[in-house]
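Here is a short briefing on one protein model. Have the viewer open while you read.

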Amino acid sequence: MHRVVFSFVFFLCLFTPLGANSLNFENIKELSNGDIRISFRLQKVALINAYALDDPSRIVIDVRDAKVSSFSEENNLGPLKLVRASDQNNLSRIEIDLKESVYWKKPWQIKSKDHVKLILEIKQSQKVKKNTRDILIAIDAGHGGKDPGSVGTNILEKDVTLMIAKELERTLRDTQGYKPIMIRSTDEFVNLDDRYQKARELGADLFVSIHADGFRLSRVKGASVYVWSEEASSITAENLSKAKLVADSSIKLKAGRLDFQDFDEDAARAIYQLAYAAKIENSIILGEKILEQLKRDPFTHMHKPNVEFADFRVLKSIDIPSVLVESGFITNPDDSRRLSKKPGRRMIARSIFLGIHEYFKVKPKPNTIMDPLPEFLTYTIQKGDVISEIAIRFGVTVNEVIKWNELDPSSIFPGQKIKIYI
Ligand SMILES: [Zn+2]
């Protein structure tokens with residue numbers, strides 16, 4: 001009996017806070033490009049949630065499980081009025097009072113010597129009617145460097161994934177309101193933990209991992225979409241050992257990128273259960289939206305007709321909806337042919353992009369182009385663009401693009417903004 005009680009208390013100790021954390025104001029700076037940077041100091045990486053409110057205009061950053069000694073910093077730089085923080089049951093709430101609406105960047109956390117900096121940036125040059133930020137999409141090209149992934153007859157998975165990732169990056173970069181975060185953009189090795197941690201570090205709204213399967217039977221082919229499996233997450237024994245790591249405050253922060261010890265997703269999953277439940281639900285919706293688009297693509301066959309579940313470690317972030325897209329089997333001649341050519345890869349990138357866009361239609365993010373839902377997307381024409389390719393990127397026809405924009409296809413120019421009604 002005593003032993004049971006003891007174990008239970010021990011269990012609670014492990015799972016209550018992710019170790020003690022504290023929050024302090026650091027400084028406000030005007031950067032050389034005119035942007036304003038507000039920095040805070042945390043003892044360790046925290047789960048944060050940031051949003052902006054209008055009337056009166058302000059940005060709120062909620063920092064979970066961190067103690068703050070209330071502060072209030074008046075500042076008249078640009079649109080700023082006051083930066084303040086207060087303690088609210090188990091969370092610290094930072095509020096930045098503003099004179100007007102601003103274009104802001106989602107806050108991010110970086111390690112610096114013995115502490116973590118929490119940074120918020122506000123653009124001064126971009127005037128907006130309401131507080132606005134970009135939607136950040138983390139694009140994870142599977143494998144890389146010494147890890148080739150699956151090996152096809154003429155192609156390696158690591159190359160296919162990077163090329164698809166770059167296609168997706170382009171569409172997101174050139175579409176107003178979206179912003180890509182590339183987990184890797186060269187042929188480099190990145191370990192699995194660093195991949196989802198980079199998404200956390202930069203405050204990604206979604207995480208998409210791109211892969212291509214390999215199998216010993218060459219007839220197996222087609223694309224599939226995976227989300228993190230809940231079964232895999234209930235392996236408590238492993239969680240306990242990791243939770244212990246986090247609870248141990250003797251762990252020293254090392255400057256540089258986040259690593260898995262800085263924010264232990266396994267321990268956090270048990271603590272922030274609501275955030276985790278929402279993540280799973282949203283990942284499934286995102287997976288379904290991407291799957292629907294893949295099914296629309298006449299060149300891509302489906303390997304699995306429904307969203308699949310697996311314990312792919314790269315998907316384990318507890319609050320960032322995450323999916324893994326297997327774009328096909330490079331060990332199959334048809335898939336290999338499709339994925340070794342640009343049009344085939346572009347179709348995968350387009351399905352992912354359209355799936356993401358459809359996801360935000362049902363799960364609109366406040367302060368972004370998807371809230372309220374826009375009538376159209378704005379795409380900025382790049383050097384070398386032709387209308388037929390732009391049409392393919394967005395799953396529309398050339399005639400539609402011409403009609404919507406009253407275009408003369410022979411006289412489009414880089415920097416021109418066009419409307420895409422999707
Ligand atoms: Zn892979």
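Is Asn367 buried or exposed? Asn367 is buried: 24 other C-beta atoms lie within 10 Å, and the cut-off for that class is 20 or more. Keep in mind that this is a predicted model. The points below cover the loops, the open sheet, the cores and a helix pair.

- Asn367 sits in the loop between H9 and S17.
- Its phi is near 70 degrees, a positive value in a residue other than glycine.
- The loop between H9 and strand S17 (377–380) also holds Pro372.
- The peptide bond from Asp371 to Pro372 is cis, and its omega is near -5 degrees.
- Asp55 belongs to another loop, between S3 and S4.
- Asp55 is not glycine, yet its phi is positive, near 50 degrees.
- Asp55 counts as exposed because it has 7 C-beta neighbours inside 10 Å; the limit for exposed is 12 or fewer.
- A cis peptide bond runs from Asp55 to Pro56, with omega near -10 degrees.
- Pro56 lies between strand S3 (48–53) and strand S4 (58–64), in the loop that links them.

**The open sheet**

- Six strands form an open sheet in the order S12-S11-S13-S16-S14-S15, and the pairing is mixed.
- Strand S12 (178–182) and strand S15 (308–310) are the edges, each pairing on one side only.
- From one strand to the next, the twist averages 30 degrees.
- Strand S11 (residues 135–141) runs parallel to S12, joined by 5 bridges.
- Within that sheet, Ile139 faces Met182 in S12, standing opposite.
- S13 pairs with S16 in the parallel sense, over 6 bridges.
- Asp213 stands opposite Phe329 in S16.
- S14 and S16 run antiparallel and share 3 bridges.
- Tyr226 is placed opposite Leu324 in S16.
- S16 is mostly covered, with 8 of its 8 residues buried.
- Helix H7 (residues 273–296) lies across strand S13 (206–213), strand S14 (224–228) and strand S16 (322–329).
- H7 runs at about 175 degrees to S14.

**Nonpolar cores**

- In soluble globular proteins, nonpolar side chains tend to be buried together.
- The largest nonpolar core here has 52 residues.
- Ile137, Ala138 and Val208 touch the most other members of that core.
- Helix H9 (residues 342–362) supplies the largest share of this core, 9 residues.
- Which residues does Val208 touch, not counting residues up to four places away in sequence? They are Ile137, Ala138, Ile139, Asp140, Val323, Val325 and Ile352.
- Another core, of 35 residues, lies apart from the largest one.
- Its members include Phe40, Ala50, Ile94 and Ile318.

**The H10 and H11 pair**

- Helix H10 (residues 387–394) packs on helix H11 (residues 398–405) at an angle of about 100 degrees.
- Their axes are 8 Å apart.
- H10 and H11 are therefore roughly perpendicular to each other, a class that spans 65 to 115 degrees.
- From H10, Ile387, Ser388, Ile390 and Ala391 meet Val398, Val401 and Ile402 of H11.
- By class, this contact of H10 with H11 has 6 nonpolar residues, 1 polar residue and no charged residues.

Conventions. Residues numbered from 1 in each chain as written. Predicted model: local features only at pLDDT ≥ 70, side-chain atom pairs only at ≥ 80, totals over all residues. Core = buried A, V, L, I, M, F, W, Y, C linked by C-beta atoms within 7 Å. Helix = DSSP H or I, 4+ residues; strand = E, 2+ residues; numbered from the N terminus. Contact = placed C-beta atoms within 7 Å. Pairing = 2+ DSSP bridges. Axes fitted to C-alpha atoms, helices over the stretch in contact; angles between N-to-C directions. Parallel < 35°, antiparallel > 145°, perpendicular 65-115°, else oblique. Nonpolar A, V, L, I, M, F, W, Y, C, P; charged D, E, K, R; others polar.
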